[in-house]
Structures are given as C-alpha cells and as structure tokens.
Amino acid sequence: MKVLIIGGGGREHALAWKCATASRVTEVLVAPGNAGTAAEAKVRNVAIAAEDVPALVRLAQVERVDLTIIGPEGPLVAGIVDAFEAAGLACFGPHAAAARLEGSKAFAKAFLLRHQIPTARAATFTRENFDADWLRAQRAPLVVKASGLAAGKGVVIAATHAEALESARAMFAGQFGAAGAEVLIEEFLDGEEASFIVMTDGRHVLPLASSQDHKRLEDGDRGPNTGGMGAYSPAAVVGPTLHERIMREVIEPTVRGLAAEGIRYRGFLYAGLMIGSDGAPRVLEFNCRLGDPETQPILTRLESDLTALCEAALAGRLDTQRASWDPRVALGVVLAAAGYPEAVRRGDVIEGLERAATLPGKIFHAGTRLQSGKILTHGGRVLCAVGLGAQVAAAQRAAYALTETVHFRGMQYRHDIGYRAVARERAAAR
C-alpha cells in the first residue's frame, strides 16, 4: 500500500511516521514534507506545495497512491477532496462544503445555533455593518475572531472594550488578509479547554483519544494566542461521563445536522471545547482536520493501523472499527522560533537532534528544512518534543528532557505544558 500525506508541518510528520509503521504500507509520500519526514524510514518527500491541487492529483495518479490523507485546512477548504474524488482517488478528509465548518467561523456559529449545539453567544459583523455601540454594551472580556482561515492566529481575547474595538478594526483593515472580512464578537467563556477529535464516515463516529492544547505563548496561559504551544493526551478534564456528554451534545448532533443539510462529513472532525465549572461543554471552534500540536501526542499513543481506520471511514463502515491506545500519557512541547507568533526569523541551525534521538520519546519536525547537510528553522513552530509516561508528570519530564538537548538561536517554549493535570495528580497523591 502506498500513502500520500499532504502538508509540511508537525501534524504531517506525525501522520507520515504513523502510517509508515503499518506493515502493509510500502511507502509514504509527503508533499511537501520537512526535514523530519525526509529522515523517516519508508517516507519520501515530494516538492509540491499543499495548495497545488492539480499537481497533487497528478502525483497520486502517477505514483499509484492507494490512500491520501490531508493534513492542513487550506487545501480542504479549497476543495482538494472533491478534486481527488473526481479523479477516482481515495482521499480522507471532508469535502469543501463540509470544510466550511472551519473555513468560516460565521458559518460554524450559525450552524451551531441552528442545531442548538452549546456555544458562546456571538454577533457577526463586516466592516460596513460593524456596530461599535453594540460591542461597548457587552460585558468584557470579549473574544474577537476573524471568520476566515488565519493559521490559528485570528483570535484575540480582549480584556477591555477598547482592546476589542482595536482588534476588530485591525482585522477589518486586513491584519489577517481576507480572513478578517467578517469578524465575530463572542462572549468570553471561562473554564478549561479540551480538544475532542473524532473520525466520521458521515453516519458513524469513532472518537480518538482526548487531548488538551495550550494556546497562549507564555507560561501560566499568558501572552498572545498561538497555533498551539503544546498538548497532552488523554486530557485529564475529559472523564468517561464528560466523554459521553460531549458525544451526545456536540459530536453526534453535528454529524446529524450536517447530514440533514445535505452534507456528508467524512474525515477528522475536531471540536475545540470549553468545559465550564458546571461540567458543561461548549464549542469554541470546529476544525476539519487533526489538530497541531494535538496530533503528535495522540498518534504517539495510537496502536491501531491509522490507514485501516481511514479506509473503513471512506467505505462507510467505521462502526466496525475500534481504536487501540497505549495506556500511557503522551505530552508534547512545541519549540518555536524567535518572534513567534508574529514575524519569525528563519534559517537558524538546529543543534542537538542527534543526541535527542538517543532518548526515549520522539521529536516531530514542523518548520524545518535541510540545507547543505544541516537542519535549519523554517517556520514559527519548529519542533514538537513528545514524551511518554505512566502519569502526566512523568510524560512531562520525558518531554522536557528532549527539549533540553535541542538548541537554536532564539528558541522559545513553555515550561508548564500539562500543568493543570500535574496539579491534579499532586492533589490526588496527598
């Protein structure tokens, strides 16, 4: 079996690595990949951009690819799955109509409200109908979101009305390009975040292991929002009772609601949730693909053949599958470039990867490239160091042991990934 992974980040490195572990997989192509995928056994990078849909279709045809898995959201929103299916190629991911759940936060919010799925109260504006007086009448803090795709950076938690107004006007002025043509102003939801990711064939749902992302740049959940500075799995906040509630109140109504509107959703479905102090889950956002950095710890724990699960979903028989998981905790720490999440510096030499490879755990590459035999930084989030342990604290120690072996100029990372779960463990041990 030959597999094609579309994308070049940390999520795609984890996908390629995981697919290559299946005995029936002979080769995994990654377009365009990164320095990490280039070094994996049975994996080959192909220099085609993830957005070049016609070239990717031709690649899959020429290479006789049996299964394609789409990593990033951009190609999904642009209709890459529709193009692959039109060419008779098996491609795992939602069609463009379904990917609007991520491509338009305004669409997603309206969908949630139509189907009475719990979420924050919000209003959607364009530059022409923006109502500053309405905003000032809301209770601060407020959440300001660019409706379109903004690489995980189009969300501002504004502590004051002035900050919310400034953020909305910056988005309308082009801070995030076309993504800010529509802007959502939402109530701020307090609680603990959780990432709940499933696979679905449009009727049946297979939940993946829960996880918790850490969005803020700095320790203690301070600083600007990012695409994610680390994650761990399983999420301590999602126990069996809450798991069932999320399935019943969020995931199943979403899949049913899409089907009722004539949209069969096949692919990964990611619900970013806020768990309130009363235990109620509410949807912050939908993603139409695996999360990054959640994918790295989740796939580190997955013991099943991911390609078999994808094929079952494409065949409409996901109800016949069960996923097997390593019982240990996996925790990933993102190592980011200087300047992230704003303008980042590229081209710095990464040192210590050979030593890290001798330690337990794994370092997944994201923004890296090879040049003259050296691995250089080539993006905002550069690496993700994943450790395993019987408890969160042990996984945390293993992950940070990996980070301490690696260095590049301006490297920044959080020192407290998994801190809520570690605190729970300590409290339980008293």
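# Exercises on a predicted model

The lining of the largest cavity consists, by class, of four nonpolar, two polar and two charged residues, where Ala, Val, Leu, Ile, Met, Phe, Trp, Tyr, Cys and Pro count as nonpolar, Asp, Glu, Lys and Arg as charged, and the others, including Gly, as polar. The model is predicted, so that local features need pLDDT of at least 70 and side-chain atom pairs pLDDT 80 or more, while totals for chains, interfaces and linings use all residues. Residues are numbered from 1 along each chain as its sequence is written, and side-chain values use heavy atoms, with hydrogens and water left out.

## Exercise 1: the cavity

Find which residues line the largest cavity, and which strand gives the most to this lining.

Step 1. A cavity is a set of points, on a 1 Å grid over the protein atoms alone, where a 1.4 Å probe fits but cannot get out, and its lining residues have an atom within 4 Å of a point. By this rule the model has one cavity of 30 Å³ or more.

Step 2. The volume of the largest cavity is about 30 Å³, taken as the space filled by probe spheres set on grid points that are joined across faces, edges and corners.

Step 3. Its lining is made up of G10, D292, Q296, V334, A366, R381, L383 and C384. Strand β22, which covers residues 381–389, contributes the most, with three residues; strands (E, at least two residues) and helices (H or I, at least four) are DSSP runs, numbered from the N terminus.

## Exercise 2: the sheet that contains β22

In what order do the five strands of this open sheet stand, and which helix lies across β22?

Step 1. The order is β12-β15-β18-β22-β19, and the pairing is antiparallel; two strands pair if DSSP finds at least two bridges between them.

Step 2. Because β12 (212–213) and β19 each have a single partner strand, they stand at the edges, and one side of each is left without a neighbour in the sheet.

Step 3. β19 and β22 are joined by four bridges in the antiparallel sense, and K362 has V386 in β22 as its bridge partner.

Step 4. Helix α14 (residues 392–403) lies across β15 (230–233), β18, β19 and β22, and runs at about 140° to β22. Such angles run from 0 to 180 degrees between N-to-C directions, with axes fitted to C-alpha atoms, for helices over the stretch in contact.

## Exercise 3: backbone details

Step 1. Most residues other than glycine have a negative phi, and most peptide bonds are trans.

Step 2. The peptide bond from A140 to P141 is cis, with omega near 0°, and P141 belongs to the loop between α8 (132–136) and β7.

Step 3. Q116, although it is not a glycine, has a positive phi of about 55°, and Q116 is placed in the loop between α7 and β6.

## Exercise 4: the hairpin

How many bridges join β16 to β17, and how many residues lie between these strands?

Step 1. β16 and β17 (residues 281–287) run antiparallel and are joined by six bridges, with G272 opposite E285 in β17.

Step 2. The two strands form a hairpin with five residues between them, and G279 in the turn has a positive phi of about 85°.

Terms used
On a 1 Å grid over the protein atoms alone, a cavity is a set of points where a 1.4 Å probe fits but cannot get out, and a pocket is an open set with protein on both sides within 12 Å along at least five of seven lines; lining residues have an atom within 4 Å of a point. Contact means heavy atoms within 4.5 Å.
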